[in-house]
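Dear colleague,

I am passing on the structure we spoke about, and I would be grateful if you could look through it with the notes that follow beside you.

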Amino acid sequence: MKKSFLFFLFGMAFSLVSFAQQTLIKGSVLDGTTGEPIPDVTVTIEGTTFAVTTDSNGEFSFTSNVPLGEQVLKIEKVGYTAKRYPIVVNEGQTVDISGMTLDFDPTDKKDLYTISISDDNLNSEDDGLTDNVSGLLQASRDVFLSAAAFDFSATFFRPRGLDNANGKVLINGVEMNKQFNGRPQWGNWGGLNDVQRNQEFTMGMSANDYNFGDLAGTNNIVMRASKYRKGGRLSYASANRSYQGRVMASYSSGLLDDGWSYSVLLSRRFGNQGYIDGTLYDANSFFGSVEKRINDKHSINFTSIYAQNRRGRSTAITQEVFDLKGRQYNPFWGEINGEQRNSRIREIEEPIIMLNHFWDISDKVRLNTNVAHQFGEIANTRIDNNGTRLIQTNGQTTFNGAARNPTPEYWQSLPSFFLQDANPSALDYQQAFLAQQKFVNDGQLDWNRLYQGNAAAGYSVYALQSDVIKDTQWTFNTILDADLADNIRLNAAVNYRILNSENFARIEDLLGGTGYLDVDAFNEDAQQIGTVGTAQSNVRTPNRIVGENDIYRYHYDINADVASAFVQAQFKYNKIDFYLGGNVSRTTYQREGFFENGYFQDGNSFGVSSFGKSEKLEFDNFGVKGGFTYKITGRHLFDVNGSYFTKAPSIRSSFGNARQNNLTVNGLESETIQSVDASYIFRSPIVRARLTGYYSNFTDGTEVNFFFSEAGNGLLQEIITDVERRNIGMELGIEAQVTPTIKLKGVASIGQFTFTNNPDVYYSTNLYTDLSFGNGKTNLKDLRVSSGPERAFQLGFEYRDPDFWNIGVTSNFFSHAYVDASALKRSEFFSQDPSAYDLEQIIENDTSGVINVSGYGVSNFDEDVARDILRQERFDDYMLVNIVGGKSWKVGDYFLGFFATINNVFNQDYRTGGFEQSRRIDYLSQIDEQNNTGGPVFGNRYFFGNGTTYYLNVYVRF
């Protein structure tokens with residue numbers, strides 16, 4: 001069947017081949033300063049798929065099926081300012097446009113990419129914030145996508161409502177997205193700006209040379225030694241957003257006479273804190289690439305990347321905390337011995353090495369084969385306040401210990417806690433005032449109290465813990481690029497990835513204690529003499545005392561394999577270009593536990609184990625896509641892309657609580673995605689514009705969340721399945737080169753990203769595996785998916801002076817951003833009266849672990865009041881003004897210059913995101929929360945955007 005389809009595809013292609021008289025476009029590109037020829041310049045006939053690169057003499061030519069009429073040649077190379085040249089092509093004639101020039105660009109915005117995307121995403125406690133898609137877009141020259149990457153990124157704006165799990169990042173053709181959550185880990189190649197300027201971006205699902213792609217696009221970072229311009233660069237950057245300083249040095253040899261080439265880079269980024277208090281920055285990066293051109297047909301490239309990054313993290317805060325401490329407040333740090341110390345440190349150290357073979361089989365067939373290996377760990381620290389002491393009484397055992405959450409913004413330490421009664425007393429007001437004063441005047445983590453508590457207890461009550469992911473991954477792929485005819489191109493690829501992911505908790509610091517008892521001190525059995533089995537983290541080593549660097553709490557592996565194949569054909573004609581592509585894949589996951597958790601011992605009533613191997617999950621997936629570009633005239637084009645494909649759930653979405661047991665998500669399925677977009681494109685020597693409408697539909701999605709709630713008597717795992725979403729909207733980007741030095745630009749994005757059904761939801765803990773309420777649904781239909789502002793607009797200008805200085809200003813308006821809605825709050829639990837039933841007793845009476853709580857409705861339930869409580873919060877609209885500028889000088893053979901940006905010039909307050917807490921979310925509790933004199937105790941938590949920030953980069957290039 002597959003062979004028949006391929007024969008049909010190629011037969012149709014060859015039957016459509018047309019022949020025309022010989023028409024030729026040729027020319028050359030020179031350096032605007034030195035007059036020297038520039039090799040490897042990309043020359044594109046805009047609005048078509050025709051593209052070539054200049055040779056070593058800076059020359060190029062188009063010889064086959066050249067489009068006729070008015071056309072625009074675009075010439076671009078990383079490190080230079082792109083230019084456009086209008087031409088007129090007549091049939092059977094030659095257009096010779098030799099001597100075009102490119103000028104060095106001293107203000108390459110890719111530096112902004114690292115500042116605004118890679119670094120900020122390492123800063124948040126919530127890994128959900130790392131879903132910003134803007135990093136994928138920073139290689140694009142499209143005016144809309146450029147705005148999304150640089151000016152909109154600070155707001156966590158997502159083009160088309162997509163996060164970066166919907167896009168692909170490749171290095172030398174090798175996929176870098178993590179299998180854990182499907183997202184690229186930007187920190188793995190952070191600090192390498194100077195060697196990441198050569199990037200190939202494919203928008204959306206359009207034709208891609210390397211893989212099938214995804215809705216948010218594909219960005220391939222080319223890091224081959226032979227592709228770097230000969231020369232070096234030294235730079236120093238100062239900023240107040242993520243790091244405070246960065247020093248970077250790089251040098252590339254270019255292609256040497258003996259066929260060798262090499263490129264190296266060293267950088268360091270550092271700072272005691274960024275814009276948010278206590279967010280230290282300590283990062284070192286190294287890149288090395290060596291390539292040997294064996295002969296005219298074969299080249300071998302070796303690339304190594306080491307990007308160690310250690311960051312202090314921050315978190316979302318409530319409006320109450322914001323009002324008291326401001327948007328720079330971070331509860332995770334405190335002073336000890338006169339120095340700041342952050343309790344939430346994220347450290348990434350995952351080196352990458354890869355070997356790439358490039359084989360020009362013939363003038364028309366090219367084969368690229370790659371082997372890549374990534375290893376190392378990601379560690380996230382936090383304070384464990386679950387320590388306890390072992391007590392022996394008459395030969396029997398019990399535990400005594402555990403402590404309150406030490407975070408300074410703990411709900412019982414804030415003024416609202418003391419004013420939650422309907423009629424607060426004078427004492428309540430006094431206590432609230434004292435709490436307010438203490439929080440305002442200090443409000444930071446008290447490290448000394450933790451050390452003192454451990455000194456009094458003997459064994460540590462508090463300890464600093466790391467949650468560690470230690471991945472070892474191999475990737476093998478081969479990529480075929482073949483010209484079947486002058487106007488037909490075939491792309492194909494085969495990929496295989498194998499991952500072993502070791503996960504465990506590790507003691508980093510006993511905080512003055514002598515050891516840590518590895519049991520669950522909050523377990524009720526731990527308080528009862530002789531019944532301590534379920535409290536054990538590992539019943540095979542009961543009552544184990546652990547020290548620093550020991551593994552404890554949990555320990556398991558995830559083994560994952562992904563095999564995929566991709567094929568695509570591209571066809572080019574005078575009036576229409578089109579492509580067809582397909583993809584098949586198989587994904588497998590399996591957990592293997594090394595601890596036998598006390599709650600999930602072999603033979604437990606749940607039938608769920610924690611030790612040994614889980615069932616093997618297997619997902620077979622496929623995809624098809626196609627699109628065309630119809631060239632109405634040389635200036636007017638119509639572009640359409642459509643796709644239908646399935647995606648395996650991520651590792652995170654496949655296991656309910658992999659830290660404790662082998663339980664997989666009920667009814668787990670691959671997600672199905674359908675998408676179509678249509679664009680009108682206008683291009684002339686002065687004006688470029690694109691207007692796009694898009695529609696995407698997602699079904700069978702899965703989400704797994706973790707939080708504490710009274711609803712389930714403790715820490716819950718929330719599993720939402722059968723999630724359906726729809727993203728619909730439009731994009732507009734327009735820019736006009738009104739004079740040789742002044743460019744005006746405008747951008748608009750209007751979208752609507754909604755849930756289109758009421759998904760299934762259930763909850764699990766160590767006391768049950770499947771708790772649902774009523775019909776087991778959550779009423780999310782028609783609510784907005786929290787994905788940053790749905791509407792964004794920009795007006796701006798750029799001025800580039802012939803004397804090599806420039807300035808640009810943009811005004812950016814954002815609206816229709818929504819809080820992330822709680823699924824539990826919109827389940828039937830909301831309308832129940834928790835005081836009408838005893839959940840603990842229900843759990844104790846049902847040992848199967850599968851529990852449904854129905855009935856127990858509130859007697860005086862008011863639909864109008866409930867509707868008001870459940871209304872999804874929309875954030876206030878806001879405007880941000882950004883300024884960018886730079887200047888460069890040529891001194892002999894050296895280029896010196898600086899590049900600077902000021903973001904949020906007017907210091908605007910705004911929220912980039914947030915979520916509803918699920919702590920007290922039933923109807924009666926919510927009425928109390930909303931009527932509290934001191935405001936809600938468990939109000940929504942928000943991420944606040946930075947105030948005025950700057951970035952200054954000074955460099956010398958040679």
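Two strands are taken to pair if DSSP finds at least two bridges between them. Please bear in mind throughout that this is a predicted model.

By that criterion, strand S13, which spans residues 231–239, has a partner in strand S14 (residues 245–252), and the two run antiparallel with 8 bridges joining them. As for how far S13 is covered, 7 of its 9 residues are buried, so that the strand is mostly covered.

A further part of the model concerns an open sheet, in which 3 strands are arranged in the order S18-S47-S46 with antiparallel pairing. Because strand S18 (317–318) and strand S46 (911–915) stand at the edges, each with a single partner strand, one side of each is left without a neighbour in the sheet. The pairing of S18 with strand S47 (residues 941–944) is antiparallel and rests on 2 bridges, with Thr 318 placed opposite Arg 941 of S47.

In general terms, the strands of a sheet pair through backbone hydrogen bonds, in either a parallel or an antiparallel manner.

With best regards

Methods:
Residues are numbered from 1 along each chain as its sequence is written. This is a predicted model: local features need pLDDT of at least 70, side-chain atom pairs count only at pLDDT 80 or more; totals for chains, interfaces and linings use all residues. Side-chain values use heavy atoms; hydrogens and water are left out. Buried means under 20% relative accessible area, exposed over 50%, partly exposed in between (1.4 Å probe, protein chains only). Helices (H or I, at least four residues) and strands (E, at least two) are DSSP runs, numbered from the N terminus.
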